[in-house]
Amino acid sequence: MDMSQNTPAGTGGNGGNGILNPQTNDVGGAGSDDLKQNLNQVINSIQKTLGLLHQLYLTVSSYNAALQLPLLQRINSLVMELDNMVKLSEKCNIQVPMEVLNLIDEGKNPDEFTRDVLNSCIAKNQIMKGKTDAFKGLRKHLLEELEQAFPGEVESFREIRAASAAVSSALSG
């Protein structure tokens, strides 16, 4: 059986044969496109590897002596594709949190990790908002108390703050 006939669909980024076409990385505006292309090549390699694993499974599950050569060819194809995947992955700088890998190892959906991280961020955001509101309330209360005790100084403070805010907004705008 010829391996080129059994390749999964969608392996277009690397020619479908596990050999990466050489590319040059131009320094310019195309850096994002290069990263997307590299990522697509890795995805295609993963898909091809999954197809090869499936073919290997089918061969092994119905193995007899006549299938020894196709089995060896599929094993060699798998090894070459895994080697290609390693080479392609060196071009991609993707960092996967260990928590995600642990969830996958436990058979759980990695979307749970994303959901938990978002919920944690929302909770921390609410805590910080509460602290910010508390400090704003404290500042307002202190200014009211200071204004009763030192009305002239508080007025000078407000003028200095207004001038400082005007200068700051002029510099940033």
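Cys92 is buried, with a relative accessible area of 17%; buried here means under 20% relative accessible area, exposed means over 50%, and partly exposed covers the range in between (1.4 Å probe, protein chains only). The structure is a predicted model, in which local features need pLDDT of at least 70 and side-chain atom pairs count only at pLDDT 80 or more, while totals for chains, interfaces and linings use all residues. Residues are numbered from 1 along each chain as its sequence is written, and side-chain values use heavy atoms, with hydrogens and water left out.

Another cysteine to look at is Cys121, which is partly exposed at 46% relative accessibility. A disulfide is a covalent bond between the sulfur atoms of two cysteines. With a disulfide taken as a pair of cysteine sulfur atoms within 2.5 Å, the structure holds 0 of them.

Turning to the overall fold, the protein comprises 5 helices and 0 strands, and its pattern along the sequence reads α-α-α-α-α. Helices (H or I, at least four residues) and strands (E, at least two) are DSSP runs, numbered from the N terminus. Of the 173 residues of the protein, 19% count as buried.

Spanning residues 68–89, H2 has 22 residues and reaches 31 Å from its first C-alpha to its last, close to the 32 Å expected at 1.5 Å a residue; the expected span is 1.5 Å times one less than the number of residues. The buried residues of H2 are Pro70, Leu71, Arg74, Ser77, Leu78, Glu81, Asn84, Met85 and Leu88. Viewed down the helix axis, these buried residues of H2 fall within an arc of 150 degrees, so they line one face of the helix. That arc is taken from the directions between the helix axis and the C-beta atoms. Leu69, Val79 and Met80, in turn, are exposed on the other side of H2.

Leu50 belongs to helix H1 and is exposed, with a relative accessible area of 53%.

Charged contacts come next. Side chains of opposite charge can pair when their charged atoms come close. Counting a salt bridge as a side-chain nitrogen of Lys or Arg within 4 Å of a carboxyl oxygen of Asp or Glu, a search of the whole structure finds 6. One of them joins Arg158 and Glu147, at 3.1 Å from N to O. Arg158 lies in helix H5 (residues 151–172) and Glu147 in helix H4, so this pair ties together parts that are 11 residues apart in sequence. Both partners are partly exposed: Arg158 has a relative accessible area of 34%, and Glu147 has one of 33%.

A further salt bridge links the side chains of Asp133 and Lys129 (3.2 Å, N to O). Asp133 and Lys129 are 4 residues apart in helix H4 (residues 111–149), a separation of about one helical turn. Asp133 is partly exposed at 40% relative accessibility, and Lys129 is partly exposed at 47%. The side chains of Asp116 and Arg115 also meet in a salt bridge, with an N to O distance of 3.7 Å. Here Asp116 is partly exposed at 44% relative accessibility, and Arg115 is partly exposed with a relative accessible area of 47%.

Leu39, Ile43, Ile94, Val96, Met98, Leu101 and Ile104 make a nonpolar surface patch of about 600 Å². Patches are made of residues with over 30% relative accessible area and no salt bridge, with like charges joined within 9 Å and nonpolar side chains (Val, Leu, Ile, Met, Phe, Trp, Tyr) within 5 Å. The areas come from the Shrake-Rupley method with a 1.4 Å probe, and for residues only the protein chains shown count as cover. Helix H1 (31–61) and helix H3 (98–105) each supply at least two residues of the nonpolar patch, and H3 gives the most, with 3 residues. Ile104, found in helix H3, is partly exposed at 43% relative accessibility.
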